[in-house]
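Q: Could you walk me through reading a structure, one feature at a time?

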Amino acid sequence: MYEPEPERPFPPEPVRPTREDEVAAAGSELVGGPIGRYALLGTSWWTPVRIVALVAIGMFALGLVQKVPCYHSAWFFGASSQYTKACYSDIPHLYQGRGFADHLVPYFDRLPDDLSGGMGYLEYPVLTGVFMQVASWLTPHSGGIQHQEQWYWFVNAAMLMVCTAVLAVCVARTHRRRPWDGLLVALAPAAALTATINWDLLAVALTAAAMLMWARGRPAAFGVLLGLATAAKLYPVLLLGPLLVLCWRAGRRREFGKAVAGTAAAWLAVNLPVMLFAFPGWSKFYSFSHDRGVDFGSFWLIWSQNSDHPPSTDFVNTAATVLMVLCSIGIAVLTFTAPRRPRFAQLAFLIVAVFVLTNKVYSPQYVLWLVPLAALARPKWRDFLIWQACEVAYFLGIWMYLAYTTSGDAHKGLPTHGYQWAIALHLLGTLYLCAVVVRDILMPERDVVRRSGDDDPSGGVLDGAEDVFAFAAVARPPRHAAPHEAPQVEWGRQAPASPQGRSL
């Protein structure tokens, strides 16, 4: 007897931002307007991920153009011109200042004091040092030092462009139904402006790749990539804290253990050889981070510049640590008391944002740490652009302040109190985005991602998992995420696609 084949469920339809985001809909008028009702989707080579990657590369290229005045002259002539033109970069200055021009081996060869300003050794984590060394090997060591520094920046820029493409692709693929959220990263103006100031994009790209692996349910691969990211910059290890409380609430301790083991193994594989054979050079990053005084971009600097008795470095180190611990406890309490387990991206953004807000220094390129996390935590163009406007204002503020302090009696740029307002704007913009994310956690029906019917698309094994540990007050059935006038969608349940597979 013939038995019909079981009906196969249609794959969930991708979320179209021009339908749910008024800013995205308005911006789409530049390329023909919101997607039509009967648009044929999936029939072109131009997939969302490819478009996001190409847009990210294009924005990166515009950021390179913004550095052209420095590339030709401002890095090399005039004390303040690289600041007045807002095109400063560490990369060309550290080519000679950290011994790459003289073929010194990072961490193993001590730097002459007259070359490094008394730094002694390279003050970056090991994987970043490897990145810098590879770029030095690819740089032609011929011609004058200015020519070599120009080439060194250009080679690094090419390598960082690859990191940008990886970052954009990983963010676009992390939420399966929301690839267009990657455009938030690709079009972020602060990211384009700061991409080649330093080498942070390496750690940012590795962190994004780690989050993609976690979203795909591969905790060991997540751990390995997170360990590599931590070997390039310290902040990625903070993501293990939110993951711990989320896995605790969901009863996924085994997966968390795999992630921790992978992180430790990868970090040790990179660091252990240098640690054993060049400990003074290896430890320079950690001793420099500890001994560094209050610096640019922090509220500690505002306090220090407006006080007759500025706080000491030891006090700031201790106070910043205490604030970080208290905020981490607050995030843990939020996780266990929220009506629905928070999404991984939301807590990842909050923990890194707290570190940025409480730290004793905020270099302008640190915004890169938050851009992909913000795009995944709160994929709403209005809120994202408000925050980006604050960061662009800070980007201009710090260079105008440095122009003021290096121009002597000419006083070009922004005086101290003006720079303090720029710091305050950066802090307020970040706090605003944190507040919106916390509101989404406490009121999941306001969460853009969950309104579309998803639970935690970046959560991997956490996505749709039942709670094992939660306070009794929050252990209740999930409420509807969509507003009453729209079709009701339960958290974690996919909305059915139309039988024809077309957009509705």
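This is a predicted model: local features need pLDDT of at least 70, side-chain atom pairs count only at pLDDT 80 or more; totals for chains, interfaces and linings use all residues.

Q: How many helices and strands does the chain have?
A: Helices are DSSP runs of H or I with at least four residues, strands are runs of E with at least two, and both are numbered from the N terminus. Here the chain has 24 helices and zero strands.

Q: What share of the chain counts as buried?
A: Buried means under 20% relative accessible area, exposed over 50%, and partly exposed in between (1.4 Å probe, protein chains only). Of the 504 residues, 52% are buried. In helix α21 (residues 367-377), eleven of its eleven residues are buried, including W369 and P372.

Q: How do I describe two packed helices?
A: Use the angle between their axes and the distance between the axes. Axes are lines fitted to C-alpha atoms over the stretch in contact, and angles run from 0 to 180 degrees between N-to-C directions. Helix α8 (residues 126-138) and helix α13 (residues 219-232) pack at about 75°, with axes 5 Å apart. That angle makes α8 roughly perpendicular to α13 (65 to 115 degrees; under 35 is roughly parallel, over 145 roughly antiparallel, the rest oblique).

Q: Which residues of α8 and α13 meet?
A: Contact means heavy atoms within 4.5 Å. V126, L127 and T128 in α8 meet L228, A231 and A232 in α13. By class, this contact has five nonpolar, one polar and no charged residues (Ala, Val, Leu, Ile, Met, Phe, Trp, Tyr, Cys and Pro count as nonpolar, Asp, Glu, Lys and Arg as charged, and the others, Gly among them, as polar).

Q: Is R343 buried or exposed?
A: R343 lies in the loop between α19 and α20 (344-358). Its relative accessibility is 0%, so R343 counts as buried.

Q: What joins the side chains of R343 and D447?
A: A polar contact is a pair of N or O atoms within 3.5 Å; within protein, one must be able to donate a hydrogen and the other to accept it, and residues adjacent in sequence count only if both atoms are side-chain atoms. Such a contact, of 2.8 Å, joins the side chains of R343 and D447.

Key
Residues are numbered from 1 along each chain as its sequence is written. Side-chain values use heavy atoms; hydrogens and water are left out.
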